Amino acid sequence: MTNEDEFIKNLLNNKEKDKAFKKLLDLYQERLYWHIRKLVVTHENADDVLQNTFLRIYKSLPNFQQKSSLHTWMYRIAYNESLRFLEENKKKNHLSLDDVGHKYLNNLVGDVFFEGDEVQLKLQRILSKLPEKERQIFQMKYYDDLKFREISAVLEIKEGTLKSSYYNTVKHIEKNMLAVELLAKNKV
Amino acid sequence: MKKLNNHMDSKLKSNDQISFDSKMHEIHSKELGLKMPEDYFSKSKSDILEKVSNQKGVMFTIFSRERIIWSVAATIAIIFALTVFKPNALPSFDNVPAIVSDTIDHLQNNNLAQGEPMENDILITSLFVPDNEIDEFVDNYVLEELVYEEVLSN
């Protein structure tokens, strides 16, 4: 029995569940926070979604059938909770798809917990202009350090498609960032 | 841009986890300019645990309520069966055991029986519910809750 099997067994055992759930929080709270933060942008939104995510995880544990790893399953819940939050916001604010990228940047700049300098803001601007799925794939691979297999399970997209999307996005970002650096040098 | 080292093979080892978390923090802060309040994670952890503990209370109440409803339904079914098939075996109402009469009183006082509407009542009520409310219910509950649960169970 692996560590993860033993851990899951404890999570599903009524006597051990609370202790195991605290351990689960210690292990995954930060990484799920960052995953959610990049999707919902502001700290305040990420805090709400993170709490909903762990509540959902707690409620859904008895239904976890171990068809995927616990790690992937939790990322799926966090991803789905973030999408649900964004969808509700979109409905509330009557936003079109075109507005979403624009709002992404506005929300980010308006967040008191964003302290980006010129280069960071430029990178965020490039990311905000990417199609939503491509941005998510890039962020999950580059910042969350998920494997393509894991991203494929979360987004339900074939690994081959993910790989080509990721490499195209990396090239696109490098090209644009290089242009920014050249512009900055020319300014000096 | 800096790349995180590969670390995920030992997800349950605390030293690796601490180093992974601090690398995550660093890369998000340095490259994306994202910050958070000081001591956020310990506060958030206690908020989540409190919510989970409240949730357990709610789940327990629902479970207890279901148990009461089923116990009452079983009692009524037994009394009904005795009335129809073995009327002589049923004690007169004055002689009904205290536990049965208390349960029936409790049921009436708390409207527990109304929590389980009869099929006909549902059909009649549905005639007075506008279509858009039904659509909304299907969107909010059937699609979001049921389908979502199904997706997560895989």
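This is a predicted model: local features need pLDDT of at least 70, side-chain atom pairs count only at pLDDT 80 or more; totals for chains, interfaces and linings use all residues.
I kept the given conventions: residues are numbered from 1 along each chain as its sequence is written, and chains are lettered from A, with ligands numbered from 1, in the order in which they are written. Local features need pLDDT of at least 70 and side-chain atom pairs pLDDT 80 or more, while totals for chains, interfaces and linings use all residues.

**Fold.** I found nine helices and zero strands in chain A (DSSP runs, H or I of at least four residues for helices, E of at least two for strands, numbered from the N terminus). Of its 188 residues, 30% count as buried (20 or more other C-beta atoms within 10 Å of a residue's own, with C-beta atoms placed from the backbone).

**Core.** Of its 37 residues, A:Leu32, A:Ile36, A:Val40, A:Leu50, A:Met74 and A:Ala78 touch the most other members. Helix α2(A) gives the most, ten residues.

I then checked A:Val40. Beyond its neighbours within four places in sequence, A:Val40 is in contact with A:Asn45, A:Ala46, A:Val49, A:Ser82, A:Phe85 and A:Leu86 (contact: C-beta atoms, placed from the backbone, within 7 Å).

**Chain contact.** Chain A brings 37 residues and chain B 29 residues. On the chain A side, the elements giving two or more residues are α1 (3-12), α2 (17-40), α3 (43-60), α4 (70-93) and α6 (118-129).

Technical notes: Two residues are in contact if their C-beta atoms, placed from the backbone, lie within 7 Å. A nonpolar core is a set of buried Ala, Val, Leu, Ile, Met, Phe, Trp, Tyr and Cys residues joined through C-beta atoms within 7 Å. A residue is buried if 20 or more other C-beta atoms lie within 10 Å of its own, exposed if 12 or fewer, and partly exposed in between; C-beta atoms are placed from the backbone.
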